[in-house]
Amino acid sequence: GAHHEVVFRLIVFRPFVEEVLVGTVAESTEEGVRVSLGFFDDLWIPGPRMQKPSHYEKASGLWVWTPNYGDDQQQQQGGDGVKAEEGESGG
């Protein structure tokens, strides 16, 4: 077989458990939300991991958080600031 010597740099991004990250919504789909942290644009939050109670609204294309505060719904728009917390992965 062929072998090639390579030289490269590797940067690992791994937030601490329960660390709060602040970013902006880059994309919202039925599967989840892609968040940009500025230096990293591919933070993916799957739909099942969204803050409860929330649901995807097909008409607006946005995830809607519906806390029990009356009729006021809070939607995350593209470019909105969001906070994401790194937690233990549920298995």
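Helices here are DSSP runs of H or I with at least four residues, strands are runs of E with at least two, and both are numbered from the N terminus. On that basis the protein chain reads β-β-β-β-β-β-β from the N terminus on. That is seven strands and zero helices.

Two notes on the source. This is a predicted model, in which local features need pLDDT of at least 70 and side-chain atom pairs count only at pLDDT 80 or more, while totals for chains, interfaces and linings use all residues. Residues are numbered from 1 along each chain as its sequence is written, and side-chain values use heavy atoms, with hydrogens and water left out.

Now the chain as a whole. Of its 91 residues, 24% are buried; buried means under 20% relative accessible area, exposed means over 50%, and partly exposed is in between, with a 1.4 Å probe and protein chains only.

Next, the core. Which residues form the largest nonpolar core? Leu21, Val25, Val33, Val35, Leu37, Leu43, Ile45, Met50 and Trp63, nine residues. Strand 1 (20–29), strand 2 (32–36) and strand 3 (43–46) each give two or more residues to this core. The term covers buried Ala, Val, Leu, Ile, Met, Phe, Trp, Tyr and Cys residues joined through side-chain atoms within 4.5 Å. In soluble globular proteins, nonpolar side chains tend to be buried together.

Val6, Phe8, Leu10 and Val12 form a surface patch with about 500 Å² of accessible area together. A patch takes residues with over 30% relative accessible area and no salt bridge, joining like charges within 9 Å and nonpolar side chains (Val, Leu, Ile, Met, Phe, Trp, Tyr) within 5 Å. Leu10 sits in the segment before strand 1, and its relative accessible area of 67% makes it exposed. Glu18 is in the segment before strand 1 too. Its phi is near 70°, a positive value in a residue other than glycine, and at 59% relative accessible area Glu18 is exposed.

On to salt bridges, meaning a side-chain nitrogen of Lys or Arg within 4 Å of a carboxyl oxygen of Asp or Glu. How many does that rule give? Two. Arg34 pairs with Glu27 at 3.3 Å, N to O, and Arg34 also pairs with Asp42, where the closest N and O atoms are 3.8 Å apart. Shared partners join Glu27, Arg34 and Asp42 into one network. By relative accessibility, Arg34 is partly exposed at 23%, Glu27 is partly exposed at 35%, and Asp42 is exposed at 53%.

Last, two prolines. Pro48 lies in the loop between strand 3 and strand 4 (54–57). Is Pro48 buried or exposed? Exposed, at 66% relative accessibility. From Pro48 to Gly32 is 16 residues in sequence and 7.9 Å in space, C-alpha to C-alpha. Pro53 is in the loop between strand 3 and strand 4 as well. The peptide bond joining Lys52 and Pro53 is cis, with omega about -10°.

Conventions: Accessible areas come from the Shrake-Rupley method with a 1.4 Å probe; for residues, only the protein chains shown count as cover.
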